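Colleague: Hi! Could you walk me through this model, one question at a time?

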Amino acid sequence: MTAELPPILRPGITEHPIHPLIAGRWSSRAIDPSQDVTHEALATVVEAARWSASSMNNQPWAYVVVTRRNEILLKAAQATLFSGNHWARNAPVLLFVLGRRFYRGKYWYIPNRLHKYEVGMATAQMALQAANDGLVFHQLQGFNPLRARRVLRVPACYSMLTAIAVGHPGPLCTVPEAKRPAESALRSRRSTVDFSVFDQFVNGRRDL
């Protein structure tokens, strides 16, 4: 019998109609350790970031994609993960998200205060493209950024933001037992009325 795989798209109950990819995108931990992701598939995911919005078209995002084609580097990258994310070592790809702190070109000396915001937008587009293409794309902050910076030899002009485990869906047995209920639990979010204000002053609200 073939092991059941968690779905790539797992829609929550939306209050208003939205695109199925947005409603269904989620972060599974079930990754098949035996199946590699092709270079072409990864290039498509990175291409999605390329077309994200950017102030002055400066594009402050950068991605370091580490695959099994360089096993030594992948093992070193995996060693930067915290123990709680040990499951991510099943992923054939670890992708590290960087943000350029200063503008490129003639404005190289000006700090880009939007760089993390814009990197987030670009990475969200990657997440949607990965979901569309049937890939697991699990973003995580549980890694040592200083160690990752040393391993990947990332210069100081870049912020080390997140790591992402990328792979094909795998069976639930690849997920730590304590994390398995999250693979099928009902997905939920705060209501839109809790974080949006229409035609009113914020009036000091701290609960947005």
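Modeller: Gladly, and a definition comes before anything else: two strands pair if DSSP finds at least two bridges between them. Helices (H or I, at least four residues) and strands (E, at least two) are DSSP runs, numbered from the N terminus. This is a predicted model, where local features need pLDDT of at least 70, side-chain atom pairs count only at pLDDT 80 or more, and totals for chains, interfaces and linings use all residues. Residues are numbered from 1 along each chain as its sequence is written, and side-chain values use heavy atoms, with hydrogens and water left out.

Colleague: Thanks! Over how many bridges do E2 and E4 pair?

Modeller: The two strands run in the antiparallel sense. Leu95, for instance, stands opposite Ile164 in E4. For the E2 and E4 pairing, the count of bridges is eight.

Colleague: Which residue in E4 is the bridge partner of Gln139?

Modeller: Strand E3 (residues 136-140) and strand E4 (residues 158-167) are antiparallel and joined by five bridges. Val136 stands opposite Gly167 in E4. For Gln139, the bridge partner in E4 is Ile164.

Colleague: How many of the ten residues of E4 are buried?

Modeller: Buried means under 20% relative accessible area, exposed over 50%, and partly exposed in between (1.4 Å probe, protein chains only). E3 is mostly covered, with four of its five residues buried. E4 is largely enclosed by the rest of the structure, because the number of its ten residues that are buried is eight.

Colleague: Why do the buried residues of H3 line one face of the helix?

Modeller: In helix H3 (residues 71-78), the buried residues are Leu74, Ala77 and Gln78. Taking the directions from the helix axis to the C-beta atoms, these residues line one face because they fall within an arc of 100 degrees.

Colleague: And which residues are exposed on the other side of H3?

Modeller: The buried residues of H3 pack (contact means heavy atoms within 4.5 Å) against strand E1 (61-67), strand E2 (93-100) and helix H5 (145-152). On the other side of H3, the exposed residues are Ile72 and Lys75.

Colleague: One last thing: how far apart in space are Ile18 and Ser34, C-alpha to C-alpha?

Modeller: Ile18 lies in the segment before helix H1 (20-24). Ile18 is partly exposed, with a relative accessible area of 44%. Ile18 and Ser34 are 16 residues apart in sequence, and their C-alpha to C-alpha distance in space is 34 Å.
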